[in-house]
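Hello,

Here is the structure I promised to pass on. Please have a look at it first, and then read my notes below.

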Amino acid sequence: MATLKLTFNGEKITDIELNKEVINIGRKSDNDIHIDNLSVSGHHAKITTILNDSFIEDLQSTNGTYVNGTLIKHQTLAHGDLIRIGKHELKYDNVEARAEDDFERTMIIRPDAEGMPEHESSHAIEQSVGKIAAEIAEKDRDESPAPASGEATIILRSGANIGKELPLIKVLTTLGKPGVQVAAITRRPAGYFLIHVDGGGNETRPMVNNKEIGIRAEPLHNGDIIEVANVKMEFVSG
């Protein structure tokens, strides 16, 4: 289970387990993490956790929320991330989360890349993905908490990595290339869906079976051919 280590001026205060879908942080006593300090807003931020993935969202706080020194609005959290709220720090610890191997990292950022993976990701894309994840959590709150049944995989059908596979074990898997086109596959109780994240400054959207998807999340079915950033991939579900 993911945890947060709350510190002030380097001194540990407490450990908090992320055992709820939404953990609220702020100065008011009704927050799950109560930080009684004037630099913290009444309802400062919230962390949404779905399976092994957590996403932080700033709630229009006065002094902002920082992750690893960067001011954020929405952000996906990674193991070891340091969150700063006012004068307090929260270290995100999630050793159970599956580490991405080099191929997976390459596929997520640049599915057509050869050789070493592209390590530089777009901060704006990360914020967009974090926002989408938070919205998904809100929509799924009234649905069954169980994830989509059956395993699913993406198999590349074009590009330099043709034939390579990526198991879809995360709640949110990002595909594409920042500046060109980025999409995300979401794993929800009702199944798997493809969502448009960024078009790289143009109006084109990802395609499923040679048809552009719309504004709403596009449901995926076994054998569907997805095209993102001019790379084709097949969605396979058991």
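**Notes on the structure**

Arg157 is partly exposed, with a relative accessible area of 40%; by the terms used here, buried means under 20% relative accessible area, exposed over 50%, and partly exposed in between (1.4 Å probe, protein chains only).

Before I go on, a word on what you are looking at. This is a predicted model, in which local features need pLDDT of at least 70 and side-chain atom pairs count only at pLDDT 80 or more, while totals for chains, interfaces and linings use all residues. Residues are numbered from 1 along each chain as its sequence is written, and side-chain values use heavy atoms, with hydrogens and water left out.

**Back to Arg157 and its partner**

The side chain of Arg157 meets that of Glu234 in a salt bridge, at 2.7 Å from N to O. The term stands for a side-chain nitrogen of Lys or Arg within 4 Å of a carboxyl oxygen of Asp or Glu. This pair links distant parts of the chain, 77 residues apart: Arg157 is in the loop between β12 (152-156) and β13 (165-167), and Glu234 is in strand β21 (residues 231-237). Glu234 has 18% relative accessibility and so counts as buried.

**The other salt bridges**

By this rule the count comes to 4 salt bridges. Why can such pairs form at all? Side chains of opposite charge can pair when their charged atoms come close.

One of them joins Lys20 and Asp32, whose closest N and O atoms are 2.6 Å apart. Here too the pair links distant parts of the chain, with Lys20 in the loop between β2 (11-17) and β3, Asp32 in the loop between β3 and β4, and 12 residues from one to the other. Lys20 is partly exposed at a relative accessible area of 40%, and Asp32 is partly exposed at 35%.

Another is formed by the side chains of Lys46 and Glu57, at 3.8 Å from N to O. Lys46 belongs to strand β5 (residues 45-50) and Glu57 to strand β6 (residues 53-58), 11 residues apart. Are these two buried or exposed? Lys46 is buried, with a relative accessible area of 12%, and Glu57 is buried as well, at 17%.

**Rings**

A search of the whole structure finds 1 aromatic pair. The rings of Tyr192 and Phe235 have centres 5.5 Å apart and planes at 55 degrees, so the pair is tilted. For reference, rings of Phe, Tyr and Trp (its six-membered ring) pair if their centres lie within 6.5 Å, with planes under 30 degrees apart counted as stacked, over 60 as edge-to-face and the rest as tilted. Tyr192 sits in strand β16 (residues 191-198) and Phe235 in strand β21, 43 residues apart. Tyr192 and Phe235 are both buried. Strand β21 also holds Glu234, the partner of Arg157.

Elsewhere, Arg84 lies over the face of Tyr66, at 4.3 Å from the ring centre. The rule for this is that NZ of Lys or CZ of Arg is within 6 Å of the ring centre and within 35 degrees of the ring normal.

Asn31 is placed in the loop between β3 (22-26) and β4 (33-34). At 8% relative accessibility, Asn31 counts as buried. What does the side chain of Asn31 reach? It reaches the backbone oxygen of Gly42, at 2.8 Å. Leaving aside residues up to four places away in sequence, Asn31 touches Asn24, Ile25, Gly26, Gly42 and His43 (contact means heavy atoms within 4.5 Å).

Asn9 has a phi near 55 degrees, a positive value in a residue other than glycine. Asn9 is found in the loop between β1 (3-8) and β2, and is exposed, with a relative accessible area of 65%. For Asn209, phi is also near 55 degrees. Asn209 is in the loop between β17 (207-208) and β18 (211-212), and is partly exposed at 43%.

**The whole protein**

The protein has 2 helices and 21 strands, where helices (H or I, at least four residues) and strands (E, at least two) are DSSP runs, numbered from the N terminus. Of its 238 residues, 46% count as buried. Among contacts with a separation of 6 or more, 46% are between residues 24 or more positions apart.

Best wishes

Conventions: A polar contact is a pair of N or O atoms within 3.5 Å; within protein, one must be able to donate a hydrogen and the other to accept it, and residues adjacent in sequence count only if both atoms are side-chain atoms.
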